[in-house]
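This report describes selected parts of one protein model. The sequence and the structure come first, and the description follows.

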Amino acid sequence: MSRSALRLAALASSAVPGLDPVSVESVPVRLGAPYAYAFVTDSQDRRWVVKAARSAAAGALLEDVSTLMTLLSRRLDVQLPLVRGVAALKSGRAVVHPRVPGQSLDFAQLPPAAALTAEVGRTLAHIHNLELLVFEEAGRPSYDAETHRKRMLSELDRASATGHVPTGLLSRWEHRLEDVSLWRFAPTPVHGAFTGSHVLASFEDEQDAGSGRVRGVIGWEEARVGDPADDLAELVARTHPGALDTVLEAYVQSRIERPDTNLVRRARLAAEMSLVHSLLRALSAGESQLVEQLSADLRDLDERVQEAERRAEARRLRAEREARRDRELAQAAAAATPATTRPDGLSHTPGAGSATSVDEATQPFAGPAPVPDEATQPFAGPGPAADEATQPFAGPGPSTNELTQPFNPFLGAGSGLGGQAPGPRRPAEAAASQTPTGADPGEAIEPPAEQSWQLSTAVDPEGLFEIDAVEPLSDPQPVAPTPAGPAEGTPVEDGPADDSQADGAVDDRHEGASDYVPVERAQDRDRPGRP
């Protein structure tokens, strides 16, 4: 047992009357973390968390948030860390609260269309539905849309002065921060650090992620009134597109107010700029090792952004060439189609549609065109073609008898997710009508790291057609066999719809998603469990 863990156990016993520590479990923290933790078990088999600030600023946040937890515990249906005692430290403060049950989540492992994934979206919506007065009563800071945008611009200027941020990223972020149209949102109560390590869940089956339910939310030190997109930053950066659809659908359905259309675009920007926030905190704390690590993460992000932009530009140019070719072919086909004169005197081009520039209903009926009297015409006999009755019946061609073919509504339409055919409308397509649109055309998104999800949709083709009766031919003729389709149950391999899917790009089907690439920090790969 470490000396720091023993010291924290002693703090717990002094801060909470009647707490008699029996065992202490220290928790490793990542580099640059503002707090240290220890789990204490007392003589009554109760489990406590001791959370000690590692700086004076972090200690002030700990003490301020205790009032907010008391107010929110009566308004949210998840458990919160209710402070039972406070102890003074040289570096600030330490608080003691009962341990909130559950395990920390990894947003990258949330399964699509699972109850737990939807519950994450609903939990976040319930936080954003809280009254502003509650946060104001607790003394939490409040920022409107314009103030929030200017604060981010100020942070970007300070990060630029450090020399650790690539110029490409600075230009990219500055362009989006100066686009005022993106920053029109209603100030909302936000958690401020809605990450997987702060969302706790319990599971009926430890091997089944879909069997979990959200039990509690911790880490409220950065709670404020501000941009709701900040709480979606890690979800859009790490969650699989199918799971993000489920989260957003549940979130939109549970919100009292309709989210603004640029919510997801700002969330992706916040995910990228989270590296800037961490960099500035590390510089102010003098964490040189963390500064070097974050600088490397920023350079890696810059390279991935440039590669994504090159690929997006290539796809845009290819789409323009294909569209121009299709227009030229359509114009050539229209020019080659001869115009005919109808009996009413109006010109008509076959295949050009039935609409005319003159209202036919207003034209006088000219009667049928004169037809020669067949009775007065000499019988010319059959044409040079042989009598069809004497020809053997060859049966329908292999491509005309549709009823004998297996019905596959998804044939030839690749989804871009592991080569699977797209299923019915994905959940976030309903949310996309209320979630951000207006992505810059042509920009692409890199697939999230460590993902291997595959979605499939089973469609029963039987029962789509019904035939009342079948009449046999009076003189059945041999019918050429129709080429058999794939046997029932045999998977149909659909190729990618375009080259962007062939090279592994993942389409998350969200407006604005192509503007950004996922952020993967080196420290996330070794991130310890939740406190």
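Does histidine 97 count as buried or exposed? Histidine 97 counts as buried, because its relative accessibility is 8% and the cut-off for buried is under 20%. The model in which this value was computed is a predicted one.

## Histidine 97 and its surroundings

Histidine 97 belongs to strand β5, which covers residues 93-98. Apart from neighbours within four places in sequence, histidine 97 has contacts with Trp48, Val49, Pro81, Leu82, Val83 and Arg84.

## The open sheet

Strand β5 is part of an open sheet of 5 strands. The order across the sheet is β1-β2-β3-β5-β4, with antiparallel pairing. At the edges are β1 and β4 (85-88), each of which pairs on one side only. On average, neighbouring strands of the sheet are turned by 25° against each other, with direction ignored.

The pairings can be followed along this order. Strand β1 (residues 21-27) pairs with β2 through 6 bridges in the antiparallel sense; here valine 27 lies opposite tyrosine 37 of β2. Strand β2 is in turn joined by 7 bridges to β3 (residues 47-53), again antiparallel. In that pairing, tyrosine 35 has alanine 53 of β3 as its bridge partner. Between β3 and β5 there are 5 bridges, and these two strands also run antiparallel. Valine 50 is placed opposite valine 96 of β5.

How many of the residues of strand β2 are buried? Strand β2, residues 35-42, has 7 of its 8 residues buried and is described as mostly covered.

## The turn between β2 and β3

Strands β2 and β3 make a hairpin, with 4 residues between the two strands. Aspartate 45 sits in the loop that links β2 and β3. Its phi is positive, about 60°, although aspartate 45 is not a glycine. Most residues other than glycine have a negative phi. Aspartate 45 counts as exposed because its relative accessibility is 63%, where the cut-off is over 50%.

Where is alanine 113 placed? Alanine 113 lies in the loop between β6 (103-104) and α3 (115-128). With a relative accessibility of 67%, alanine 113 therefore counts as exposed.

## Helices α9 and α10

Two packed helices are described by the angle between their axes and the distance between the axes. For helix α9 (residues 263-285) and helix α10 (residues 288-336), the axes come within 9 Å and cross at roughly 160°. Angles over 145 degrees count as roughly antiparallel, and α9 and α10 are therefore roughly antiparallel to each other. The crossing of α9 past α10 is left-handed.

Which residues form the contact between α9 and α10? From α9 come Glu272, Leu275, Ser278, Leu279, Ala282 and Leu283. On the side of α10 they meet Leu290, Val291, Leu294, Ser295, Asp297, Leu298 and Leu301. Sorted by class, this contact of α9 with α10 consists of 9 nonpolar, 2 polar and 2 charged residues.

How values were computed:
Residues are numbered from 1 along each chain as its sequence is written. This is a predicted model: local features need pLDDT of at least 70, side-chain atom pairs count only at pLDDT 80 or more; totals for chains, interfaces and linings use all residues. Side-chain values use heavy atoms; hydrogens and water are left out. Buried means under 20% relative accessible area, exposed over 50%, partly exposed in between (1.4 Å probe, protein chains only). Two strands pair if DSSP finds at least two bridges between them. Axes are lines fitted to C-alpha atoms, for helices over the stretch in contact, and angles run from 0 to 180 degrees between N-to-C directions. Angles under 35 degrees count as roughly parallel, over 145 as roughly antiparallel, 65 to 115 as roughly perpendicular and the rest as oblique. A crossing is left-handed if the near helix is turned anticlockwise from the far one by less than a right angle, and right-handed if clockwise. Contact means heavy atoms within 4.5 Å. Ala, Val, Leu, Ile, Met, Phe, Trp, Tyr, Cys and Pro count as nonpolar, Asp, Glu, Lys and Arg as charged, and the others, Gly among them, as polar.
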